[in-house]
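Let's read a structure together, one feature at a time. Have the model open beside you as we go.

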Amino acid sequence: VSFLIPECGILPEVLKSTVADIGEYYLVRNLSVHEFVAHEFIDAFVKKGSCYALTYNTKIDQDNTAALLPSGKLILSVDKDTYEELGLQGCPSQYSGKKVMRYIITIDLTDSGFHPDSKKHNRVLWALKEKKPLEFDFLLAWYNTGAEGSTLMSYFSKNQIRALKPKITFSTLRDLQCPVIQSNELQGKTDESCSTEELFEWLGAVLNQVSLDNKSSSFLSTYCCPQPNTMVEKAFLCTITGFIIPEKIIQLLEQLCCYFGEPKLAYWLTLTVHGFADSPVSWRENEHGFHKGGENLYNFVIFRNLDYWLQMAVGTNDDCPP
């Protein structure tokens, strides 16, 4: 997650505290997938909040991968051999080509027919626990609205679990060339404003610390800021890296909107969120593929009058965002 505020003076304390309170997440080593199917886990976490899990250091186009969504659906992306050994119903990956080598299995943990004594539950548990045990390192996070109960740390205390905090970096960019944009001019206007595409490309260069001066001696980039542009004396950039859940991103977005509540110099700001390149899903429950880069991101451009642009981008092996 990154946010950029051009012409920023002093960052408000409430915004700083929101960033500091972005929340911790957990890394669990060698966790069996069947643990998510246990009704103790479903009752304690899936039904009492939003639970998130994603396999760690697995490659979506080579390895078996898994994700638990806040909707209560467990998604498995597995190779052909694993799929046949599991014997669970799934569907071919839409990025397999003519010869199907990967399958997607979706298990709804909140299904009314998925109770402890049901054939469906027993079949899934047997497949994941005995027939073809799957074990991964997982990133985990849980969001609940104050409900009493166990924590992920205590529930997985028998496993090798570690609490992690997102890495936060603050930087001040001085003398930054910024495109001139108008909220009602999406396509831009000659000599008056830049388009959404031009801003998106410029923002990518800024977030990756690419020089904008278009020097002929540069072997890395000849990119320059689109026209028209303006020189900003000081801009504020914050980058947060980790397993960050949507509820925390919403809180950050709300505080960024409040930034315009009192007189500020900034006319607009941006919030960019990158998904994991090797996640088995991208938008909602749409299948995600890697292809060349596993791109999967969205960007808010928020204006002083609270108009906003929402830009969404995915790689070649992805359905278009909703």
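Q: What should I know before I start reading?
A: This is a predicted model, where local features need pLDDT of at least 70 and side-chain atom pairs count only at pLDDT 80 or more, while totals for chains, interfaces and linings use all residues. Residues are numbered from 1 along each chain as its sequence is written, and side-chain values use heavy atoms, with hydrogens and water left out.

Q: How many helices and strands does the protein have?
A: Helices (H or I, at least four residues) and strands (E, at least two) are DSSP runs, numbered from the N terminus. Here there are 8 helices and 14 strands, and the C-alpha trace spans about 65 × 50 × 35 Å along its principal axes.

Q: Which domains does the assignment give?
A: Domain bounds come from an automatic or database domain assignment. In this protein they are domain 1 (2-22 + 166-314) and domain 2 (25-164). Their centres, taken over C-alpha atoms, are 33 Å apart.

Q: How do I read the interface between domain 1 and domain 2, and what area is buried there?
A: Buried area is the accessible area (1.4 Å probe) that two parts lose on being put together, summed over both. For these two domains that is about 1,800 Å², with 69% from carbon and sulfur atoms. On the domain 1 side, F243, P280 and E287 lose the most area to domain 2, together 38% of what that side buries.

Q: Which residues form a salt bridge?
A: A salt bridge is a side-chain nitrogen of Lys or Arg within 4 Å of a carboxyl oxygen of Asp or Glu. The count between domain 1 and domain 2 is 1. K73 forms a salt bridge with E285, and their closest N and O atoms are 3.2 Å apart.

Q: Which residues of helix 1 are buried?
A: Buried means under 20% relative accessible area, exposed over 50%, partly exposed in between (1.4 Å probe, protein chains only). In helix 1 (residues 13-20), L15, T18 and V19 are buried. Seen down the axis, they fall within an arc of 100°, taken from the directions from the helix axis to the C-beta atoms, so they line one face of the helix. On the other side, E13 and A20 are exposed.

Q: What covers the buried residues of helix 1?
A: Contact means heavy atoms within 4.5 Å. The cover includes strand 1 (2-6), strand 10 (167-179), strand 11 (229-241) and helix 8 (246-258).

Q: Is N296 buried or exposed?
A: N296, in strand 13 (residues 296-303), is buried, with a relative accessible area of 10%. Leaving aside neighbours within four places in sequence, its contacts include F276, W283 and H288.
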